[in-house]
Amino acid sequence: MGQEFSRRAVLAGLTSGAALAALPVNHAFAALDDKPFYFLTRDEARFLASFCDTLIPEDEYPSASQAGVVDFIDLQLAGPYGKGRYLYMQGPFFEGTEQQGYQVSLPPAEFIRQGIAALAEAEPRFAGGDDGLRLLVTTRLSEGSVDLGSGLPAKPLFDELWTLTNSGYFADPMYGGNKSYAGWEMVGFPGAHAYYLSFVDQHNVPYPQPPMGINHQPGRDGSMPSGLKPQEL
Amino acid sequence: MKSRTLKTCVGLVLLAALAPIPAMVGAQDTSTPAVGALESRLDDERTLFAATISDTPPDDDLLELGRLVAMGGAENVGSGMACITCHGGQGAGDGSGAFPRLAGLPGWYSYKQLNDYASGDRPNEVMTGIAQRLTEREREAVATYYAVVQAPIHRPLGEVDQGLMQWGGQLAAVGSAEKGIPACVNCHGPQGTGNPPSVPYLAGQYANYMAYQLQLWKDGVRDNDPMDVMSAIAEKMSAEDMRAVSEYYRRVENPETTGE
Amino acid sequence: MPDKTLPKTDVVIIGGGWTGLTAAYELAHEGQRCVILERGNHRHDATSFGAPEEHDELKYALRATHMMDVRKSTLTFRNDTSQRALPMRRLGSFLPGEGLGGAGIHWNGQLWRPLPSDLEMRSHYENRYGAQFIPEDLSVQDWGVTYDELEPHLDFFEKICGAAGYAGNLNGEKRAGGNVFEGPRQNEYPNPAMKQPVSSTKFGKAAERMGLNPFPFPSANVTQKYENPYGAQLHPCAYCGFCERFGCGYFAKADPIICVYDRIKEHENFEIRFQSTVMRVEKSADGRTATGVTYIDADGLEVFQPADIVCMNAYALWNVHLMLVSGLGEPYDPETRTGTVGRNYSYQTIASVDAFFEKEIITNPFMGAGALGVIVDDYNGDNFDHSDLGFVGGAYIACKQYHGRPISYQPTPEGTPRWGAEWKRAVRENYLHHADMVVHGSSMSTPGNYLDLDPTWTDAYGRPLLRMTFNFPDNDRKMAEYVTNRAVEIAQNMENVTSVASSNLAAVGSDYTVVPYQTTHNVGGAIMGTDRNTSVVNRYGQMWDHHNVFVFGACLFPQNLGYNPTGPLMGLAYWTLEHLKNDYLANPRPLMDA
């Protein structure tokens with residue numbers, strides 16, 4: 001697959017000027033910058049950063065890619081989820097109704113890989129394109145009104161990517177996303193260390209405990225110590 | 001990281017009228033850190049919540065008062081007892097079992113203990129009298145003060161049987177399925193470093209103190225935590241379990257309270 | 001031929017969840033040697049469910065790591081017989097368990113009793129509204145057992161759980177603050193009700209102002225330290241917000257491991273074998289009894305375990321599957337409407353109502369528990385006059401605060417886009433200022449909703465998958481719409497509410513879908529009753545066709561009531577065990593004349 005490159009360089013080179021300055025600083029796995037992604041290719045990572053940032057754009061809080069969501073998705077696709085650990089994969093495969101759910105004949109990693117390739121071919125200007133174009137394409141994908149070819153239904157592809165992006169923004173930072181508790185800080189979720197027996201009936205009182213993740217070390221941001229392999233799931 | 005507003009907290013109505021602060025008594029105890037040096041820790045991640053037991057942000061007046069109280073400068077100073085006499089100016093305590101570390105304990109937790117000592121909900125011959133002589137504001141202040149100070153832990157911590165340590169670590173991390181003991185880390189924060197505002201740290205606390213408290217909970221002498229959770233747990237523990245988990249946590253590092 | 005045949009045991013029990021472990025406890029103490037076969041692994045609250053590791057939303061809530069492994073087995077699904085059923089390839093609408101404790105590990109602890117009228121559904125409605133009242137397309141039946149018969153058993157299970165709540169009907173005396181619609185209780189709840197957050201408090205006050213009867217959620221999240229009748233010690237709930245889909249490391253949510261397994265595991269008559277998947281129940285030559293079960297053990301060997309009594313304690317759907325692949329009973333045929341196994345499968349209607357508060361109302365949704373909230377039961381069962389409504393059944397309305405886990409808890413007002421800048425802002429602005437309501441409703445059985453075997457797909461052992469044919473009957477859609485509108489009215493009457501949104505998964509014009517999570521309350525398919533032509537087991541849970549096979553769980557429900565099933569199905573389990581112990585053991589035979 002020949003994907004020996006710096007992930008920082010890949011992610012830095014992908015979007016508009018404003019995000020460009022922020023990315024190298026906020027990128028989640030600075031310590032792993034010299035290592036390749038586990039699963040994604042350069043083009044896929046670029047595409048995903050554009051796509052995820054359309055779903056969760058930067059405002060007062062980081063965008064999806066700034067919060068490490070591309071790293072999160074990379075790990076998910078490389079791990080059991082991407083390989084179909086949570087799916088019944090016995091054939092035959094038929095197109096079903098929406099009510100019958102996921103009927104794609106590919107495990108998620110391969111589905112997303114082929115889906116991104118088909119979408120990039122249909123919309124070559126997407127990654128790095130302007131906001132209007134990205135919004136338009138993402139909307140059409142979410143409505144299932146993009147033809148990606150047989151076996152690659154558009155709406156399930158969108159659902160898969162949106163669930164991953166959303167999960168990456170809010171899952172425990174040990175999975176590579178939610179960097180520096182970006183998602184938890186945004187909503188005010190205190191995290192995995194949860195003991196509210198004295199407080200649940202204190203009405204309308206803020207609980208401003210800074211978030212603590214599963215691997216929280218006082219003073220750190222809850223991601224895995226560099227050099228350790230992040231959690232795959 | 002976004003700066004957090006110190007608008008907090010905890011619904012405690014602390015209406016202690018601001019007592020006039022008596023003139024500073026005696027000379028500065030050089031072992032207590034200057035208030036200025038502590039201010040930055042008021043919005044430190046781990047002590048932020050600890051320091052906010054009123055509905056107004058803590059300020060250096062509160063810290064100044066807290067330090068004064070710690071040194072025995074409380075308004076009703078009849079007992080002549082200063083916190084620092086037993087717990088030290090930096091809250092280091094001692095290993096006898098009677099005097100726990102206070103450095104970096106959540107302020108809300110310490111404040112509640114003082115109230116419980118005063119009311120008798122946490123019976124203690126020495127602390128009850130002391131706490132009763134403190135005004136609400138002074139309890140709040142001294143709790144805040146000890147929340148933000150740091151004290152080193154002096155090493156070595158003494159020899160201990162490795163099997164005991166291993167058992168203690170196991171109880172801490174996963175509890176005991178056989179005895180029905182839930183793990184300490186369920187509630188006591190990352191690696192036992194506390195879960196402010198209500199849950200104190202265990203990491204770095206004195207083993208004798210923790211083992212003694214567990215025994216008090218088991219005996220029903222101490223029951224001042226919410227819904228008496230600790231008694232339910234301690235009742236299932238043997239003396240050896242208590243010793244094991246206490247010796248284990250004594251040796252777990254808690255950098256936020258030591259400044260290391 | 002099996003790879004090995006083991007010595008005979010008195011009782012073989014299929015599945016190590018709430019009902020299986022309870023059956024083992026009760027029968028082992030009766031001198032019966034019990035063997036439980038559990039397809040999953042050993043696990044324990046202390047060592048497997050402790051925080052902070054357990055508080056991992058991605059791993060347990062999204063990836064459903066405590067649940068069954070769909071790679072090995074699932075079911076196929078279609079809305080009606082005109083469609084081709086396709087495999088449910090990913091868990092979604094419901095989450096059956098696997099491993100010690102079964103789904104009893106990851107439940108919320110919402111602990112209900114059936115209404116007396118629920119158990120006599122057909123006769124009750126016909127008596128009150130006339131013989132023609134129940135819509136013709138419903139195959140609603142009486143359960144064959146009454147509330148008064150079940151009451152001591154419902155009461156005992158509440159003691160096993162250390163249930164927290166407030167009795168609304170104590171020996172016939174109605175008491176405000178409890179559920180005044182419930183059947184009479186002989187005892188108070190073992191523990192006081194849970195504390196209430198601001199969201200449910202405001203809901204309760206609004207309901208009270210409207211003349212309704214709010215009360216705290218009956219809960220198996222224990223509120224103080226407690227010892228159950230088996231000697232299990234439970235601790236107070238921490239309101240940690242990781243309950244449903246998670247195990248509880250605090251010993252606070254009653255579950256089958258700490259409440260039952262720990263108290264029986266050392267007993268000389270008790271044995272449990274893990275990673276043991278039952279392939280089929282074997283029948284005697286004359287077909288009247290079962291001779292034992294054949295299972296695949298942890299080493300992959302096919303093992304025959306002979307037994308005098310077979311207890312089927314798998315999840316509702318898998319009990320039915322096992323009957324179908326074993327040839328127990330007669331499969332239901334929707335064309336001729338004959339046969340019983342697979343008949344009267346039903347589900348649960350779920351609608352949600354969201355109330356958004358002004359910013360000074362801070363709900364702290366992460367301070368939650370599985371059964372934390374306030375209930376209005378005025379529109380459940382037959383607690384209200386159905387004369388002019390054109391449907392039967394009802395739903396409870398709960399204002400609940402289960403959790404604030406941020407991947408799943410993203411409240412946004414009506415009209416908010418599903419993603420993008422506006423969505424992001426809406427999530428941030430509403431996360432701490434939102435009340436979450438559910439309309440949790442009954443689902444009536446129909447001749448067209450049923451379970452059978454799929455002709456195409458198989459499980460990891462080569463057996464046909466179970467095939468589910470299901471859509472909500474019109475009756476349920478009307479009911480769900482009616483009660484959802486009532487819930488919206490309450491939400492609109494709550495103080496400090498700025499807007500209200502609702503979404504009904506059983507809405508008119510929408511079809512049941514297996515994709516979004518609704519509820520793990522699949523019921524029916526092996527129903528109980530007093531007529532062998534319309535039920536698989538008699539009123540004691542004993543199979544009509546094979547008298548030494550006893551069946552447990554929600555598969556017995558002839559249709560679904562508006563409540564969560566664990567309380568009712570455990571009441572039935574103790575009822576069955578009482579008759580098994582006190583009557584059947586001494587004289588094995590059919591306990592009812594066919």
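Here is a short chat about how to read a few features of this predicted model.

Biologist: Let's start with chain B. How many helices and strands does chain B have?

Modeller: Chain B has 11 helices and 0 strands, so its pattern along the sequence is simply α-α-α-α-α-α-α-α-α-α-α. Of its 260 residues, 58% are buried.

Biologist: What share of the contacts in chain B joins residues at least 24 apart?

Modeller: Take the contacts between residues at least 6 apart in sequence: 74% of them join residues at least 24 apart.

Biologist: Over to chain C. How do I read the reach of helix α6?

Modeller: You compare its end-to-end reach with what 1.5 Å a residue would give. Helix α6 of chain C, residues 147-161, spans 20 Å from first C-alpha to last, close to the expected 21 Å.

Biologist: Which elements cover the buried residues of α6(C)?

Modeller: The buried residues include C:L150, C:L154, C:F157 and C:I160, but also C:E151, C:D155 and C:E158. Their cover includes α1, α4, β10, α8 and α12 of chain C.

Biologist: And C:K265, is that lysine buried or exposed?

Modeller: Buried means under 20% relative accessible area. C:K265 has 18%, so it counts as buried. C:K265 sits in the loop between α8 and β11 of chain C, where its side chain makes a 2.9 Å polar contact with that of C:D262. Leaving out residues up to four places away in sequence, C:K265 touches B:A177, B:E178 and C:F270.

Key
Residues numbered from 1 in each chain as written. Chains lettered and ligands numbered in written order. Predicted model: local features only at pLDDT ≥ 70, side-chain atom pairs only at ≥ 80, totals over all residues. Heavy atoms only, no water. Helix = DSSP H or I, 4+ residues; strand = E, 2+ residues; numbered from the N terminus. Expected span 1.5 Å × (residues − 1). Buried < 20%, exposed > 50% of the residue type's maximum accessible area, 1.4 Å probe, protein only. Contact = heavy atoms within 4.5 Å. Polar contact = N/O pair within 3.5 Å; in protein donor to acceptor, adjacent residues only side chain to side chain.
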